[in-house]
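Work through the exercises below with the structure open. Each task is followed by a solution in steps.

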Amino acid sequence: MASEQKNVGILAMEIYFPPTCVQQEAMEAHDGVSKGKYTIGLGQDCMAFCTEVEDVISMSLTAVSSLLEKYGIDPKEIGRLEVGSETVIDKSKSIKTFLMQIFEECGNTDIEGVDSTNACYGGTAALFNCVNWVESSSWDGRYGLVVCTDSAVYADGPARPTGGAAAIAMLIGPDAPIAFESKFRGSHMSHAYDFYKPNLASEYPVVDGKLSQTCYLMALDSCYKRYCNKYEKFEGKQFSLVDADYFVFHSPYNKLVQKSFARMLFSDFSRNVSSVDEATKEKLRPFSTLTVDESYQSRDLEKATQQLAKPLYDAKVQPATLIPKQVGNMYTASLYAAFVSLIHNKHSTLAGQRVVMFSYGSGLTATMFSFRLCEGKHPFSLKNIATVMNVGEKLKSRHEFPPEKFVETMKLMEHRYGAKDFVTSKDRSLLSPGTYYLTEVDSKYRRFYGKKAGDNTTSTTCENGNGSQNNGH
Ligand code: ACO
């Protein structure tokens, strides 16, 4: 049955990433790897990380309160709150319940939803849950809110430069400027040990880097095929790369995004779609005899497709790579941070355009879906979303740490992970006004947060306070 609500999707967005970062070039020198390995080999520029005063809860509190304040949303208007995260702080208590502090203050405890976890896919599961709720008969007319929050940290070694951290909040409702094309969706879910976190005493994953790359590309192939099938079923014509204006990928590191888009070109060639020109066909024909497994291992194929896809990549993918290259992998927030980059770069020309999204979570779960964009009405317009997020300023005002300081911070965080009975430095000198920070974990593992004062944004319409200094600690 068709939903009564039309154009359900994202009405508003806010992104938060820590102001502390380390340059990848400096990390190359520090780690003693060859020059260019992280910057060209992985395609990364910079990596954000949480210091001891920030974590996934403080980042999500910041993103949510900032979104509500900047768009003038009364916390009572939220009816569902879903969180996607793979950064486990508590095996029972959800991050969503920490966020309830913002809503309880305003007398709103009538909010459905909890956390979704499966590696980098949890944010997409949370988003689908919220969209499905708004489209369902149990929708009560209020907004949904989705939060993706993660701190991506790796043990010392080749995966370490693929870390990052961020939280993204997305307001969900009908008549959205970023509307789901609900019919076109392709998923691929399977059992794999490519990246997982079996050691509950450590924040670091166990990762089979090479396998995770192949799993990602196999899932991409499968999702793209299914997305194309759905498109053909409903539209009666073939789908190919020319049928979308932008492609946005989950971005563990930029090189994988380049390889992914190139792989989709090979997929168009293999499906013999009419939009693939003769010159491209000519260059790819020698690879048509490869088995599927061989095609994932072929360096020549990878090189040829990347070269052929480059002009299309520059036009349709590159505008969505800024934040992932500058901040790093943000796990659940990574795909949506790439999308935020697109809005930041192209908001004035996005109306009427189709954006294809590819979400991947190790283990593994993946979905390809798409948005159809329109300009939208203030405050829910693409222009205002770009203004509110203020990405340029957020990136510019960061503080670069030397690699030694980054490593020192990682050591302290290892020690603090799962620990109790400590007080943080409460040093908020690098944080912007309105940012939440961790103050204490008490002897019963209870976590307490403060909010840096001096926020000059317009306050929410909540009647009972300004949301600062939760718990009175
Ligand atoms: N200049 C330019 N390029 C270089 C240089 C150099 N000096 N040195 C190496 N490179 C290139 C390599 O050729 C390679 O490029 P290619 O992939 O095009 O061949 C690239 O840099 C990476 O180098 P490798 O030696 O192949 O790989 P490494 O051992 O550094 O590990 C990996 C990279 C596997 C990505 C690792 O960082 C990792 O495990 N990351 C976490 C897992 C991950 O993110 N997986 C993705 C999906 S799952 C998820 O999202 C968590």
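**Exercise 1.** Which residue just after α13 takes a positive phi, and of about what value?

*Solution.* The model is a predicted one. Step 1: go to the end of helix α13, which spans residues 382-389. Step 2: read the backbone just after α13, where N390 has a positive phi of about 50°.

**Exercise 2.** Describe the largest nonpolar core and the surroundings of F103.

*Solution.* Step 1: the largest nonpolar core holds 92 residues. Step 2: M13, F103, L171, I172, I178 and F339 have the most contacts inside this core. Step 3: helix α3 (residues 56-71) gives the most to the core, namely nine residues. Step 4: with neighbours within four places in sequence left aside, F103 is in contact with V64, L68, P75, I78, L81, N108, I111 and L145. Step 5: another core, of 46 residues, lies apart from the largest one and includes V22, V153, Y227 and V407.

**Exercise 3.** Find the domain record for residues 6-177 and describe that span.

*Solution.* Step 1: UniProt, in an unreviewed entry, lists residues 6-177 as "domain: Hydroxymethylglutaryl-coenzyme A synthase N-terminal". Step 2: the span is 31% helix and 26% strand. Step 3: its end C-alpha atoms lie 11 Å apart.

Conventions. Residues numbered from 1 in each chain as written. Predicted model: local features only at pLDDT ≥ 70, side-chain atom pairs only at ≥ 80, totals over all residues. Heavy atoms only, no water. UniProt positions renumbered as here; feature names shortened; annotations may be inferred. Helix = DSSP H or I, 4+ residues; strand = E, 2+ residues; numbered from the N terminus. Core = buried A, V, L, I, M, F, W, Y, C linked by side-chain atoms within 4.5 Å. Buried < 20%, exposed > 50% of the residue type's maximum accessible area, 1.4 Å probe, protein only. Contact = heavy atoms within 4.5 Å.
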